Amino acid sequence: YVSFEDDIIRRFGGDRIKGLMEWAGVSDDEPIESATVTKLIGQIQQKVEAYHFDIRKHLVEYDDVVNKHREVIYGERRKILSGTDLRANILEMVHQTIDRLVDTYLPGHEPDDWDTAGLYREVSRVFPLPPEVTPNVLARQGREETRARLHEWAERLYAEREAQFGPENMRLLERLVMLRAIDTLWVQHLTAMEEMREGIGLRAYAQTDPLVAYKREAHEMFQNLLAAIQSQVVHTIYHVAIQQAQPEPSRPRNLVYAGGSAATPTREPVRVGGRQKVGRNDPCPCGSGKKYKKCHGRNA
C-alpha cells in the first residue's frame, strides 16, 4: 500500500494523479484500485532503483581509482619490507635528479645562459660537494662534463657512506628512508584525494563529467606523489645516519641484605643521643614514614 501523500509519490508526479482522483470525487479513505496508479508506482520503483544503482556504480568507480594507487604503493612497501636491495633503485633516483637539475640550470650549450650558482645550491641539498668544487669551477666545465662529474661524486660519496656504516646498516637505512617517505606522503595523498572527491561534483555545472575529471586529476596527483617520494628519498639518504642505542646500565637483581631478606632490606638502628628522645608514636627518624614503635623502636 502507498499513499499519495508520500514524498516519493509527489516527487515523481503523484500530484497529477491525486488531482485526477479529487476531480473524480474519490474520498481520502477510499482505497484506489487503478491500472494507471499501479503503472505509476511501478515506474517510480524503477526510477528509484536506477538512481541508487547509479550512486553505487559511481562509488565503486571512484573507489577503483584510489584502489589502483593503493595497489602500487602497497606493492612497493611489500618489496621494501621483504628485504629487497634498494641500493640500485636509490642511486637511479639520484642520477635522475642530477640529470633534471643539470637540464634545468644548464640549458643549451651557451655558458651565458647557465645558472651555475643555482645548480651548486640545489646539488648541495642532495649531497655535499667536495670543498674544491665551487660555482666558478662548474662554470669552467662543460655541460656534459659537469653532469658526469656529479654522477661520479654521487656514487663515490654513497660508497663512502656504505663503507662507514657497513653494508647491513646501509641496507637498513635505505629501507627506513624509503618507508618514511612513502608512509608520510601517502597519507597526505589520501587526504588530498578525499578533499577533491568531495567537491568534484561541481564540475557538472561546467558541462564536465565529474568522474572523468576525477580520474584525470587523480592521475596527475599520483604522478606528483611518486615524484615527491623520489625527491624526499634523494634529499634524505645522504644526510641521515643510524645511531646505535646506548644499552641501559644493568641493575643488580636479587640482592640479599645482611640480616634481612631479598625483598625488604634491614635498616640500621637510629641512635637517639643526648636529651632528645623519640616517642613511641612519633615518626621514626629513619625516614620510613612508620611510627617509631613499629620500626626501630620495636626492639628498643
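Q: Buried means under 20% relative accessible area, exposed over 50%, and partly exposed in between (1.4 Å probe, protein chains only). Where does that put Y74?
A: Y74 is partly exposed, at a relative accessible area of 36%. This is a predicted model, in which local features need pLDDT of at least 70 and side-chain atom pairs count only at pLDDT 80 or more, while totals for chains, interfaces and linings use all residues. Residues are numbered from 1 along each chain as its sequence is written, and side-chain values use heavy atoms, with hydrogens and water left out.

Q: How confident is the prediction, on average?
A: Mean pLDDT, the predictor's confidence in each residue from 0 to 100, is 79 for the protein. Residues at 70 or more make up 70% of the protein.

Q: What about secondary structure? How many helices and strands?
A: Nine helices and zero strands. Both are DSSP runs numbered from the N terminus: helices are H or I with at least four residues, strands are E with at least two.

Q: And how much of the protein is buried?
A: Buried residues are 29% of the 300. Of the contacts between residues at least 6 apart in sequence, 60% join residues at least 24 apart.

Q: Take α7. What span should it have, and what does it have?
A: Helix α7 covers residues 143-165, which is 23 residues, and at 1.5 Å a residue it should span 33 Å. The expected span is 1.5 Å times one less than the number of residues. The end C-alpha atoms of α7 are 33 Å apart, so the two agree.

Q: What comes after α7?
A: G166 follows α7, and its phi is positive, near 95°.

Q: Which residues of α7 are buried, and what covers them?
A: Among them are R143, R147, H151, W153 and R161. The cover includes α4 (87-105), α5 (116-126), α6 (135-140), α8 (167-199) and α9 (210-237).

Q: T146 is in that helix too. What does T146 touch?
A: Not counting residues up to four places away in sequence, T146 touches L106, L119, L138 and Q141. T146 is buried, with a relative accessible area of 0%.

Q: On to the largest nonpolar core. Which residues touch the most other members?
A: L119, F127, L150, M178, I229, V233 and Y238, out of 42 residues. Helices α3 (35-81), α4, α5, α7, α8 and α9 each supply at least two residues of this core, and α8 gives the most, with nine. Apart from it lies another core, of 11 residues, including Y62, M193, I200 and L211. A nonpolar core here is a set of buried Ala, Val, Leu, Ile, Met, Phe, Trp, Tyr and Cys residues joined through side-chain atoms within 4.5 Å.

Q: What is F127 in contact with?
A: Leaving aside neighbours within four places in sequence, F127 is in contact with I98, L150, W153, A154, L157, Y238 and H239.

Q: How many aromatic pairs are there?
A: Four in the whole structure. Rings of Phe, Tyr and Trp (its six-membered ring) pair if their centres lie within 6.5 Å; planes under 30 degrees apart count as stacked, over 60 as edge-to-face and the rest as tilted. Y74 and W186 form an edge-to-face pair, 6.4 Å centre to centre with 65° between the planes. This pair joins helix α3, which holds Y74, to helix α8, which holds W186, 112 residues apart. W186 is buried, with a relative accessible area of 7%. F127 and Y238 make a tilted pair, at 5.5 Å centre to centre and 50° between the planes. F127 lies in the loop between α5 and α6 and Y238 in the segment after α9, so this pair ties together parts 111 residues apart in sequence.

Q: Are F127 and Y238 buried or exposed?
A: Both are buried. F127, Y158 and Y238 form one aromatic cluster.

Q: Back to α8. H189 is in there. What does H189 contact?
A: H189 is in contact with H69, M221, F222 and L225, leaving aside neighbours within four places in sequence. Its relative accessibility is 5%, so H189 counts as buried.

Definitions and conventions: Contact = heavy atoms within 4.5 Å.
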